[in-house]
Each structure stands twice: as C-alpha cells, then as structure tokens.
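Student: Could we go through this model together, one question at a time? I would like to see how each answer is reached.

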Amino acid sequence: RSSAAVSSHRPVSLGLPVAFMKKCSEQIFQTAELYSQVRLKLQNLTELTSDELREFSQSRFNGSIQERLTTQQRHQLAQKCLTQIVQFKGREISSQLYIIENCLFIIWRHLDFYFLHCIPSDEERRMLA
C-alpha cells in the first residue's frame with residue numbers, strides 16, 4: 001500500500017514556493033486596494049451615507065436596537081468597525097509579506113546550496129578525464 005502511494009507521489013519542487021509567492025502577491029494587491037478604500041472611508045467618516053451607517057449598525061446589532069441609535073452613535077460604531085477592518089487588513093498584508101519573504105529565503109537557500117555543492121555533469125567529466 002505504501003509503495004503505491006510513494007510511486008504516485010511527485011517530489012516537491014521549487015514550483016511550490018514560487019506558486020505561494022505568486023498567490024500572495026496577487027492577494028496583497030487586492031488587500032491593499034481594500035485597505036486604501038477603507039482608510040479613505042475612515043478619514044471621511046462624516047461623508048458616509050445613511051445606508052453605509054445602517055450597514056455598520058446591522059453588522060453589530062439586531063433590528064430593534066439599531067433603530068434607536070443616534071447619528072452620532074452610528075458614526076462612532078462605523079469608526080470602530082472601520083478601524084478594526086484597517087487593522088485586520090494591515091495584519092493580513094504583513095502576513096502575506098512574511099510568506100513571500102520566507103519563500104524567497106527557501107529559494108535562495110536552495111540555489112545557494114546548488115551553486116556551491118553541485119557540479120554540472122560536463123565539468124565533472126572534464127575533471128575526471
């Protein structure tokens with residue numbers, strides 16, 4: 001049973017960290033765009049529409065409580081929610097950068113080892129002759 005699993009198993013290649021780096025870089029661009037949009041909303045909090053304010057209060061409270069909130073309370077709630085989103089997106093970008101950094105390190109260490117310890121077969125034949 002284990003021999004069948006081993007024979008069908010593909011060896012791990014450098015394609016894996018490269019794929020991780022590509023995926024993370026795509027996600028960073030998406031996350032950074034959303035981060036910018038949310039920061040802009042946070043900076044222009046007074047310009048939020050009543051629908052946007054209602055959306056934030058709906059995410060926190062059920063229908064009966066949200067109707068009793070004043071505009072000031074809705075703005076405070078929106079500020080709190082937007083601040084949390086900005087912090088979360090900032091941490092998400094940091095995590096993705098950390099993944100990219102580690103993938104680059106793995107590739108670098110692999111190439112470093114390969115170039116220092118592996119001899120191409122052409123040179124090996126010349127050295128033995």
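**Contacts, burial and aromatic pairs**

Student: Leaving aside neighbours within four places in sequence, which residues is Q79 in contact with?

Tutor: Happy to start there! Contact means heavy atoms within 4.5 Å. With neighbours within four places in sequence left aside, the contacts of Q79 are L42 and L45.

Student: Before we go on, what kind of model is this, and how are residues numbered?

Tutor: Numbering starts from 1 along each chain as its sequence is written, and side-chain values use heavy atoms, with hydrogens and water left out. This is a predicted model, where local features need pLDDT of at least 70, side-chain atom pairs count only at pLDDT 80 or more, and totals for chains, interfaces and linings use all residues.

Student: How far apart in space are Q79 and L42, C-alpha to C-alpha?

Tutor: Q79 is found in helix 5; helices (H or I, at least four residues) and strands (E, at least two) are DSSP runs, numbered from the N terminus. In sequence, Q79 and L42 are 37 residues apart. From C-alpha to C-alpha, their distance in space is 6.4 Å.

Student: Is K89 buried or exposed?

Tutor: K89 also has its place in helix 5, which covers residues 71-117. Buried means under 20% relative accessible area, exposed over 50%, and partly exposed in between (1.4 Å probe, protein chains only). The relative accessible area of K89 is 13%, so K89 is buried.

Student: Which side chain does K89 join in a polar contact?

Tutor: A polar contact is a pair of N or O atoms within 3.5 Å; within protein, one must be able to donate a hydrogen and the other to accept it, and residues adjacent in sequence count only if both atoms are side-chain atoms. Beyond neighbours within four places in sequence, K89 is in contact with T31, L34 and Y35. The polar contact, at 3.2 Å, is with the side chain of E92.

Student: Why is the pair of F105 and W108 called tilted?

Tutor: Rings of Phe, Tyr and Trp (its six-membered ring) pair if their centres lie within 6.5 Å; planes under 30 degrees apart count as stacked, over 60 as edge-to-face and the rest as tilted. The whole structure holds 2 aromatic pairs. In one of them, the rings of F105 and W108 have centres 5.8 Å apart and planes at 40 degrees, so the pair is tilted.

Student: What separates F105 and W108 along helix 5?

Tutor: F105 is partly exposed at 45% relative accessible area, and W108 is partly exposed at 49%. Because they are 3 residues apart in helix 5, their separation is about one helical turn.

Student: What is the geometry of the aromatic pair formed by Y114 and F115?

Tutor: Y114 is partly exposed at 42%, while F115 is exposed at 63%. Their ring centres are 5.5 Å apart and the planes are at 70 degrees, which makes the pair edge-to-face.
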